[in-house]
Each structure stands twice: as structure tokens, then as C-alpha cells.
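Thanks for coming, everyone. I'll keep this short. Let me put the structure up.

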Amino acid sequence: MGTLTTAPTTPHDPAHSPEAHLTEEVCASVLASLRRRDQRHKGQLYVNGLLTARGRKTMRNLATSTREPAAAQSLHHFISVSTWDWSEVRASLARRMERLMTPHAWVVQPMVTPKSGVHSVGVQRRFIRHLGQAVTSQHSHGLWLAGQSAAAPVNWQLSVGEDRPGAPAPGVRDGVPESVGGGWSGDDTAISVVLQAASWGLTPKPVVIDARDVPPAPLIEAFTAADLPFLLRVGGNTPLLAPDLSSGQRRVLSASAEHLTTLARSQQRPVEWVDPAVPRVLRTGLVALLPVLWPGVAVPRRPRPAGVRAVAPRRSGGAELLLMGEWQPNRRRVAGLWLTNMTGAGRGTLLRLSKLTRRADTDFSRICVDVGAQDFEGRSYHGWHRHMTMVSLAHAVRVLSREHHAGEELERSG
């Protein structure tokens with residue numbers, strides 16, 4: 001994920017944009033938790049700007065799109081200085097989008113935002129696997145409500161990195177609150193963004209994460225303790241315990257996930273799935289499931305978040321999981337490895353859930369980047385979170401508008 005280039009900006013009148021009515025409706029509902037009328041007004045102006053301003057979504061560009069005097073200063077104050085609670089706004093947005101989208105999963109996606117300097121909050125030099133190099137960047141995780149036709153982010157957490165010698169003390173560096181403590185690492189942000197959303201009273205959905213860049217153990221512990229179903233993509237070297245299917249004896253093997261899938265090749269079955277990234281394209285994968293035990297994980301007993309139901313009993317001595325291997329037709333090497341606690345789910349259900357990461361990737365590239373997900377230039381932790389909350393609202397408007405137009409076209413064609 002890269003940054004956007006700046007394009008010339010011309011004034012737009014939000015009142016005449018195609019999404020104006022929907023923007024007003026969504027903002028009126030979601031921003032109702034803001035007590036002050038001027039904050040609700042500025043929030044709608046900000047979302048309008050994200051949807052209509054061309055190029056990077058700088059304060060100047062957003063202000064130009066409003067046609068209001070001193071709008072740049074007013075919007076800057078609303079994002080970077082004001083004290084409104086972004087978590088209440090996100091919870092309201094999540095509940096609204098859950099009703100309108102009927103999502104199949106909570107997809108947790110990382111976002112890497114390259115930065116040219118190190119002064120913005122959370123900026124560090126990190127190795128980025130999909131780029132194959134170290135990049136000076138901000139790193140965060142978003143929680144997306146994802147279905148077959150659309151995905152929308154409703155919560156975010158920014159990694160502020162680990163403590164380093166000479167780094168400012170927690171609570172004073174770039175406005176990072178005391179609760180963040182020594183910093184959010186990759187697995188911390190992924191866990192935090194899920195557990196906070198689980199406390200909003202949403203109907204629990206399978207948590208789908210590509211966990212190849214973070215340690216899977218903390219994720220398994222946290223989601224099992226919260227009684228949340230999960231589906232984690234893991235690396236081939238992930239150590240697991242599994243029954244030895246080749247020996248004819250009742251013994252347990254300790255081996256890597258990739259090696260264990262060789263024991264399950266005889267159980268491969270074809271599964272068809274519709275590619276979320278390419279609508280109406282039907283693909284086929286070969287899928288095998290193998291019961292495994294996650295070794296050495298003591299599952300702590302923690303309070304269950306409100307609205308979260310149990311999905312599997314806790315077991316002593318580790319977590320009983322399924323390992324799913326996916327192969328492309330006519331390829332010997334496994335293409336994807338996933339761990340899940342949904343031990344009663346079938347091959348088709350698990351494979352189609354795993355593909356929802358492609359839905360979130362697609363809508364990130366086509367919508368979220370365009371409405372400013374990687375454009376925040378401030379140094380404030382709170383400012384970043386408030387900006388990303390407004391980005392989520394703008395993304396929701398764009399998704400709902402797309403779904404509305406798709407419905408109209410379906411009616412006309414019918």
C-alpha cells in the first residue's frame with residue numbers, strides 16, 4: 001500500500017454531489033453521539049470533503065470543498081484538538097453497517113502507510129513482507145465487516161511500536177494515552193481492534209486474519225478466551241501437533257503446518273468459490289482438513305465481552321483446532337494454510353470465509369485509499385484516530401451508494 005500523489009484541486013459543492021443525500025443520512029445517524037451541534041456539522045463537512053475533494057485529503061483540500069471561510073482551521077481543530085470520543089462514533093457506525101450489510105466475517109487487515117519522515121505518531125522503520133524490504137511507515141490494523149459483495153472498516157488501532165532507549169515516556173509522546181503503555185505491537189493491535197468491537201454488542205462473526213506477519217499464539221489465546229470463532233492464515237513453519245495418519249497407529253506428530261498437510265493430501269476435495277475481487281468469476285480450490293492441537297497454550301479465563309457467545313468449550317492442555325490446506329488445481333505445493341477453532345465447519349464454508357480477505361483488500365484499494373485512509377499528516381495519536389473514524393464514515397457512504405446503484409441496475413435488468 002503506497003501513498004497517493006497530489007492532484008490539482010477544484011472546488012466542489014457537496015450539496016450537489018451524487019452521494020450528498022446518503023452522506024447527510026449516514027452522518028445524522030452515526031454522529032448523533034456527538035453532543036455539540038457544531039461538532040456534528042464539522043463531522044459532516046469532513047466526510048463530504050473526503051468524498052469530493054480531489055487528490056490527497058489535506059486540510060486545505062478538504063476546506064476548499066466546503067466553501068466555508070476558515071474551514072481549514074475549523075476542521076483541523078475538530079480532528080486534532082477536539083475531545084469527542086471516536087469509539088462511540090465507530091460503535092454506532094458498526095451497528096448500522098451490520099444491519100445494512102449482514103456481514104459473514106470480521107476481517108482484520110493490516111495497513112502500511114509509507115512516510116518520508118519520522119515525526120508522525122507511530123512511524124518506525126519496519127520490514128514489510130509483501131514488499132520484501134524495510135520501509136519507514138505507520139502500521140495499523142483495521143477491522144472490516146465483510147460479505148461477498150462489500151467490506152467496510154468500522155474500527156482501527158495504530159501501532160506505536162515498542163519502547164526504545166531514549167523514547168518519550170508513555171502518555172506524553174504524540175498524545176499517546178497511558179493505556180497504551182509500552183506500545184502496541186502487530187499482534188496487540190490486531191487483538192485490540194477485535195476485542196473492542198466485540199464489546200459493542202455486535203453479533204459475533206468469524207475473525208479472519210492473515211497472521212503470517214504476527215505471532216499466532218497471542219491471537220489464539222485472546223480469541224479463545226473471548227469465545228470468538230477465528231480463522232487465521234499461518235506460515236508453513238508454524239509448529240503443530242496432529243495425529244499420524246500414515247502409520248496406522250494412534251500416535252501424535254509434532255511438525256510444521258506445511259509438513260502436516262502432506263498427511264492430508266488424500267483428503268483433498270474440490271470446492272468452488274466466487275472471487276470477491278472479480279465479481280461473478282467462479283474459481284475452484286482443492287481443500288483438505290486435518291484435526292490439530294495447538295501446543296503449549298494455556299488459555300486464560302477472562303471476562304467475556306458483552307454480546308459474545310461461546311463457540312467451543314475450553315480444553316485443558318491446549319486448543320483443539322482444524323488445519324485447512326488449500327491447493328490450486330495441478331499444483332503440488334500448498335497455496336494457503338489456515339487454523340480455525342470452528343471444528344464443525346465444512347471445507348466450503350472455511351474456504352469461502354478465507355477469501356473475504358480479498359474482498360477487504362479490493363475495497364481498501366478501490367474505496368478506502370480514495371477517501372483518505374493514508375493521507376493523515378498530523379502528529380497526534382488522537383488526530384489519527386479521529387481522521388480514520390471519518391474515513392470509515394466516508395467509506396461506508398461509498399459502499400452503500402454502490403450497493404444502492406447495483407440494486408437499481410438489477411431492477412432495471414429484471
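I'll begin with a term: a salt bridge here is a side-chain nitrogen of Lys or Arg within 4 Å of a carboxyl oxygen of Asp or Glu. Please keep in mind that this is a predicted model. Searching the whole structure with that rule turns up 13 salt bridges.

Let me take a few of them. Start with Asp275. Its partner is Arg283, with the closest N and O atoms 2.8 Å apart. Arg283 sits at 34%, so Arg283 counts as partly exposed.

Next, Asp363. This residue has two salt bridges to talk about. One goes to Arg359, at 2.8 Å from N to O. Asp363 and Arg359 both belong to helix α10, residues 356-368, and because they are four residues apart there, about one helical turn separates them. Asp363 and Arg359 are both buried.

The other salt bridge of Asp363 goes to Arg402, and there the closest N and O atoms are 3.1 Å apart. What does that pair tie together? Asp363 is in helix α10 and Arg402 is in helix α11, residues 381-413, so the pair links parts that are 39 residues apart in sequence. As for accessibility, Asp363 has a relative accessible area of 0%, so Asp363 is buried. Arg402 comes in at 29%, so Arg402 is partly exposed. There is also a network: Arg36, Asp38 and Lys42 are joined into one by salt bridges that share partners.

Lys42 brings us to helix packing. Lys42 is one of the α2 residues that meet α4. Helix α2 covers residues 37-52 and helix α4 covers residues 71-81. How do they pack? The angle is about 105°, and the axes are 10 Å apart. The cut-off for roughly perpendicular runs from 65 to 115 degrees, so α2 and α4 are roughly perpendicular to each other. On the α2 side, the contact residues are Gln39, Lys42, Gly43, Leu45 and Tyr46. On the α4 side, they are Ser74, Leu75, Phe78 and Ile79. By type, that contact has five nonpolar residues, three polar and one charged.

Stay with α2 for a moment. Gly49 is in this helix too. Its relative accessibility is 0%, so Gly49 counts as buried. Which residues does Gly49 touch, once we leave out those up to four places away in sequence? They are Lys57, Leu62 and Ser65. Now look at Val371. Gly49 and Val371 are 322 residues apart in sequence, yet their C-alpha atoms are 8.7 Å apart in space.

Last stop, helix α5, residues 86-101. Does its length agree or disagree with its residue count? At 1.5 Å a residue, its 16 residues should span 22 Å, and the end C-alpha atoms are 22 Å apart, so the two agree. Helix α5 is mostly covered, with twelve of the 16 residues buried. The buried set includes Trp86, Leu93 and Met101. Charged residues are in that set as well, among them Arg90, Arg96 and Glu98.

Key:
Residues are numbered from 1 along each chain as its sequence is written. This is a predicted model: local features need pLDDT of at least 70, side-chain atom pairs count only at pLDDT 80 or more; totals for chains, interfaces and linings use all residues. Side-chain values use heavy atoms; hydrogens and water are left out. Axes are lines fitted to C-alpha atoms, for helices over the stretch in contact, and angles run from 0 to 180 degrees between N-to-C directions. Helices (H or I, at least four residues) and strands (E, at least two) are DSSP runs, numbered from the N terminus. Angles under 35 degrees count as roughly parallel, over 145 as roughly antiparallel, 65 to 115 as roughly perpendicular and the rest as oblique. Contact means heavy atoms within 4.5 Å. The expected span of a helix is 1.5 Å times one less than its number of residues. Buried means under 20% relative accessible area, exposed over 50%, partly exposed in between (1.4 Å probe, protein chains only).
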